[in-house]
Amino acid sequence: MSVAILNASGCLDALTAPEVARSLDAFVTKTITPEPRRGNPPVRIAETANGMLNSIGLQGPGIEAFATTHLPRLEALGVDLWVSVGGFSAEDYARCCERLDGRDTVAAIELNLSCPNVEEAPETAAELVAAARGATKKPLYAKLSPAQWDVAVAARAVVDAGADGLSLVNTIRGLSLDPRTLAPRLGRAVGGYSGGALRPIALACVHACASAVEVPIVGMGGVSTGLHALELVAAGASAVALGTILFADPFAPGRVRAELGAEAVARGFEDPLDARFASVVSSEKYLQIGSNGTA
Amino acid sequence: MRRERLRVVGSEGVGPYVLVRLRRSGLQPGVPGQFFMVEAPGRPLPRPFSLCLAPPGELAFLVEALGPGTTAIAGLDVGDEIHVMGPLGRGFDLDVARPLLVGGGIGVAPFPFLSERLGSPPALLGFRTAFHSEAASLVPNATVVLDPVLVTDALPGDPGDVLACGPEAMLDTLVRLAPGAQLAREAPMACGYGACYGCVVERDGDYVRLCVDGPVVRELPAAA
């Protein structure tokens with residue numbers, strides 16, 4: 001298996017665009033919470049020069065309706081399914097994971113530990129992962145926020161707590177003002193910032209975590225070309241997810257996959273996955289040279 | 001769902017607006033009131049536009065340059081190529097006995113195509129200025145009112161089957177004055193195909209996606 005191309009959670013509805021979901025190696029659902037959620041009041045979207053802000057607020061049917069109504073329809077699509085789950089306490093995460101544990105079609109569960117548009121759970125990310133771990137045997141991917149000084153510390157903590165992989169990164173909180181009125185453009189003022197501007201931040205997070213833990217990493221943040229995807233792989237990602245680009249171009253997965261293969265070959269890698277850790281290895285060399293080999 | 005790279009074959013001023021004409025290629029015009037996501041050169045996200053005209057082999061959009069995206073689209077030159085996706089969403093129900101098109105400002109954009117499909121029904125159009133009202137030249141059989149007169153002031157007592165597009169306040173008033181009116185709503189949206197949940201409007205206490213459940217909707221007056 002080469003580098004899998006996924007969607008970032010919340011950036012695709014497989015039921016309204018099944019052909020797009022089928023163009024992915026796995027479809028990741030919008031984050032499901034224990035109870036139904038109406039979501040945040042509009043305005044929910046604001047484009048900026050190099051990306052966009054969203055304030056959706058985890059609108060969704062809740063885990064029961066998801067499991068009984070939505071999941072069977074998703075299963076009928078014949079696409080590998082990852083379910084993103086979220087909540088406001090460790091118990092919430094455990095409850096969602098437990099409900100999904102017996103569903104064979106759910107290949108993995110992504111734990112949204114870092115939505116910038118809703119209240120945070122009082123527990124640490126590691127405690128939330130531990131609670132989820134106790135409720136399911138399915139592979140658990142912890143989705144971390146880039147808004148922390150040392151994301152590698154959080155990565156070690158969630159892996160120690162039982163995470164099987166990492167999803168890096170979520171959006172980062174941002175604000176955009178109407179240039180005429182100077183009022184916030186979003187209904188809730190701040191939102192999650194994504195798109196091209198997030199890419200160097202995502203690369204840094206993947207790079208840091210790849211040195212800290214030995215688990216699969218789904219890299220995401222501003223990827224719109226195959227070269228962007230290859231860079232995330234070089235930084236340590238084993239899979240890549242597409243987010244904002246899917247809004248502009250639902251046919252991006254096929255294009256990015258083809259470009260990724262060509263960009264790898266152009267650099268002497270038979271498979272894109274062979275480029276994994278290239279940036280990590282290079283920077284370790286640099287550190288050794290920089291400190292006379294004593295680092 | 002179809003997305004293609006289309007060539008600009010014309011760009012004409014209509015009052016303060018710009019009519020951008022594109023070679024149609026493999027895209028279909030769809031039903032009036034459906035919309036297309038049009039690439040805004042240099043911007044991260046495309047912009048939604050309802051189709052204004054569907055001349056043979058072409059798709060034409062009426063653009064008001066307001067922000068960076070619409071300014072980029074209004075500034076396209078003949079020969080430029082942009083990605084366009086569509087048609088998307090639900091358009092107007094054309095099975096109406098006594099159609100009356102009611103529009104304001106750039107909201108008249110879908111009416112030339114709609115009027116053609118309905119056999120040039122009467123239209124009532126409102127604009128800020130005489131310069132803006134030059135867009136009425138695209139709509140046959142149109143009566144024009146200018147600020148401070150509003151189309152909702154000039155609406156006949158028995159308006160028939162209203163098909164409307166325009167400012168939010170105008171549409172909200174029409175919900176009361178013309179129950180059952182078909183309203184083409186607008187909301188900021190990132191994707192246009194149900195992926196982002198950005199373009200929601202409130203219906204029966206829930207937020208529904210305008211790109212999937214609209215943009216043309218029928219609304220009930222709020223209970224008094």
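**Core, sheet and chain contacts in a predicted model**

The largest nonpolar core has 166 residues, of which A:Leu111, A:Ala142, A:Val206 and A:Val240 touch the most other members. Such a core is a set of buried Ala, Val, Leu, Ile, Met, Phe, Trp, Tyr and Cys residues joined through C-beta atoms within 7 Å; a residue is buried if 20 or more other C-beta atoms, placed from the backbone, lie within 10 Å of its own. The model is predicted: local features need pLDDT of at least 70 and side-chain atom pairs pLDDT 80 or more, while totals for chains, interfaces and linings use all residues. Residues are numbered from 1 along each chain as its sequence is written, and chains are lettered from A in the order in which they are written.

Chain A holds an open sheet of eight strands in parallel pairing, with the order E1-E12-E11-E8-E7-E6-E5-E2. Strands are DSSP runs of E with at least two residues, helices runs of H or I with at least four, numbered from the N terminus; two strands pair if DSSP finds at least two bridges between them. The edge strands of chain A are E1 (4–7) and E2 (27–28). In chain A, strand E11 (residues 217–220) pairs with strand E12 (residues 239–242) over three bridges, and A:Gly219 stands opposite A:Val240.

Chain B contains five helices and 14 strands. Of its 224 residues, 50% count as buried. In total, 21 residues of chain B are in contact (C-beta atoms, placed from the backbone, within 7 Å) with 28 residues of chain A.

Notes. Contact = placed C-beta atoms within 7 Å. Buried ≥ 20, exposed ≤ 12 C-beta atoms within 10 Å, placed from the backbone.
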